[in-house]
Amino acid sequence: MHAAAYAVALLGAGPFLWSAITAVKLNRDLYDPAHSPLWFNAPPTADHLAYLVQHTAFPTFAWNTLWIGAVVVAATLLLATPAGYALARLRRPWAGRLGMAIFLCYLVPPSVLFLPLSRLVAAAGLQDSDWALVLVYPTLTVPVSVWLMMGFFSAIPVQVEEQALVDGCTRFAAFRRVALPLAVPGVVAVVVLSFVLCASEYLYAIAFVSPTAGKVVSTGIPTELISGDLFYWQSLQGAVVLVAVPVGVVFNLLLKRFVAGFTAGAVTVG
């Protein structure tokens with residue numbers, strides 16, 4: 001069992017190992033068909049990583065991705081947490097159907113929503129502004145987050161909140177002091193999922209923001225490091241590693257809470 005688990009883990013990590021090796025290869029090593037792509041046939045070099053950081057706007061792209069993701073995550077929590085709680089606790093006959101309808105909004109392809117969102121961005125005067133992404137990304141994150149929080153709040157015994165109400169708490173106080181602390185795994189799941197959705201989105205980012213200073217990683221790296229048929233492969237793979245490693249580390253630290261949030265919601269709502 002352990003050997004099989006290690007083999008699957010190595011297979012899953014294979015593309016990232018390939019990216020890490022490619023990022024520090026010399027051109028003559030990378031482009032020689034006789035050389036193995038998973039081994040160094042010449043000494044490694046950090047020149048391509050230095051080019052990525054010093055001669056492209058990669059630090060700007062990374063910063064834009066970080067702050068846009070943080071703002072969208074905060075907005076998603078502000079909207080999805082009370083909505084999920086209301087649908088799970090207020091015992092309305094239409095709550096389940098409304099929750100399903102909200103989740104179905106997440107399944108609408110972004111290409112279908114592109115035209116109405118374009119009119120919204122134009123009406124708000126946010127063309128070529130980072131704030132356009134802050135405005136449209138919640139259409140991706142809020143529906144699935146409401147569904148997830150609805151399932152997690154449903155998994156919390158209602159008697160805990162009823163006891164708080166008996167002790168004199170208002171409904172809002174019971175939510176803030178009792179339900180919300182117990183829902184931390186679900187909140188973590190929403191944070192991780194929302195940030196990943198923002199960081200990996202491409203269509204809205206390429207359509208609504210064209211200045212280099214406003215681009216995010218998903219659009220800035222391809223436009224900066226691909227010029228016609230010229231691909232800066234080592235720098236491209238270096239960008240993959242520099243973005244994936246911090247996300248992987250944070251995800252691993254929050255893995256138990258992330259899984260708890262998803263499984264609780266899946267069991268209850270499903």
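Analyst: The discussion below takes up a helix pair and then a pocket. This is a predicted model, in which local features need pLDDT of at least 70 and side-chain atom pairs count only at pLDDT 80 or more, while totals for chains, interfaces and linings use all residues. Residues are numbered from 1 along each chain as its sequence is written, and side-chain values use heavy atoms, with hydrogens and water left out.

User: At what angle do helix α13 and helix α14 pack?

Analyst: Axes are lines fitted to C-alpha atoms, for helices over the stretch in contact, and angles run from 0 to 180 degrees between N-to-C directions. Here α13 (residues 217–225) and α14 (residues 233–253) pack at about 165 degrees, their axes being 10 Å apart. The two helices are therefore roughly antiparallel (an angle over 145 degrees).

User: Which residues of α13 and α14 meet?

Analyst: Contact means heavy atoms within 4.5 Å. From α13, Val-217, Ile-221 and Leu-225 meet Ser-235, Leu-236, Ala-239 and Val-243 of α14. These contact residues comprise 6 nonpolar, 1 polar and no charged (Ala, Val, Leu, Ile, Met, Phe, Trp, Tyr, Cys and Pro count as nonpolar, Asp, Glu, Lys and Arg as charged, and the others, Gly among them, as polar).

User: Which helix supplies the largest share of the lining of the largest pocket?

Analyst: Rolling a probe the size of a water molecule over the atoms shows where empty space is left. The largest share, 15 residues, comes from α14; α4 (58–89), α11 (184–200) and α13 each supply at least two. The lining divides into 26 nonpolar, 5 polar and no charged residues.

Methods. Helix = DSSP H or I, 4+ residues; strand = E, 2+ residues; numbered from the N terminus. Parallel < 35°, antiparallel > 145°, perpendicular 65-115°, else oblique.
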